[in-house]
Amino acid sequence: MLYSPKHNLAFLHIHKTGGTSFRDFLHRAIPDVQEMPELPGPHYTISEVFAALQRRSEDPLKWTIL
């Protein structure tokens, strides 16, 4: 899963929705976007994203999740 800690932004890639193209765009548009080590690869549920952010002591409600 892609995320940007600087911008509090995470990208939740839903299968078959153009996510690969959007991932490419994010890499070009946001210099610090990277894979979240806890969730390598593209496809996860929102609850997995929230849990990963909470394990990092982040409040997922303060993040923008695309």
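Leu 2 stands opposite Phe 11 in strand β2.

Residues are numbered from 1 along each chain as its sequence is written, and side-chain values use heavy atoms, with hydrogens and water left out. Because the model is predicted, local features need pLDDT of at least 70 and side-chain atom pairs count only at pLDDT 80 or more, while totals for chains, interfaces and linings use all residues.

## The sheet

Helices (H or I, at least four residues) and strands (E, at least two) are DSSP runs, numbered from the N terminus. Two strands pair if DSSP finds at least two bridges between them. Here, 4 strands form an open sheet. Their order is β3-β1-β2-β4, and the pairing is mixed. β3 and β4 (64–65) are the edge strands, as each pairs on one side only. β1 and β2 pair in the antiparallel sense over 3 bridges.

## Helix α1 on the sheet

Helix α1 lies across β1, β2 and β3. It runs at about 150° to β2. (Axes are lines fitted to C-alpha atoms, for helices over the stretch in contact, and angles run from 0 to 180 degrees between N-to-C directions.)

Which residues of α1 are buried? In this helix (residues 19–29), they are Gly 19, Arg 23 and Leu 26. Buried means under 20% relative accessible area, exposed over 50%, and partly exposed in between (1.4 Å probe, protein chains only). The buried residues of α1 fall within an arc of 60° seen down the axis, so they line one face of the helix. The arc is that of the directions from the helix axis to the C-beta atoms. An α-helix has 3.6 residues a turn, so residues three or four places apart point the same way.

The buried residues of α1 pack against β1 (2–4), β2 (9–11) and β3 (34–35). On the other side of α1, Thr 20, Ser 21 and Arg 28 are exposed.

Leaving aside neighbours within four places in sequence, Arg 23 is in contact (heavy atoms within 4.5 Å) with Leu 2, Phe 11, His 13, Glu 35 and Pro 42. Its side chain also makes a polar contact of 2.3 Å with that of Glu 35. A polar contact is a pair of N or O atoms within 3.5 Å; within protein, one must be able to donate a hydrogen and the other to accept it, and residues adjacent in sequence count only if both atoms are side-chain atoms.

His 13 is found in the loop between β2 and α1. Not counting residues up to four places away in sequence, His 13 touches Gly 19, Thr 20, Arg 23, Pro 42, His 43 and Tyr 44.

## The nonpolar cores

A nonpolar core is a set of buried Ala, Val, Leu, Ile, Met, Phe, Trp, Tyr and Cys residues joined through side-chain atoms within 4.5 Å. The largest one has 10 residues, including Met 1, Tyr 3, Leu 12 and Trp 63. Helix α2 (residues 46–55) gives the most to this core, with 3 residues. A second, separate core of 6 residues includes Leu 2, Phe 11, Leu 26 and Ile 30.

In α2, Val 49, Ala 52 and Leu 53 are buried. They cover an arc of only 95° around the axis, which puts them on the same side of α2. What covers the buried residues of α2 includes β4.

Tyr 3 lies in strand β1. Its contacts include Leu 9, Met 36, Arg 56 and Trp 63. A polar contact of 3.2 Å joins the side chains of Tyr 3 and Arg 56.

## Two loop residues

Asn 8 sits in the loop between β1 and β2. Its phi is near 50°, a positive value in a residue other than glycine. Ser 57 lies in the loop between α2 and β4. Its phi is positive too, near 65°.

## Accessibility compared

| Residue | Relative accessibility | Class |
|---|---|---|
| Tyr 3 | 5% | buried |
| His 13 | 6% | buried |
| Arg 23 | 13% | buried |
| Asn 8 | 27% | partly exposed |
| Ser 57 | 70% | exposed |
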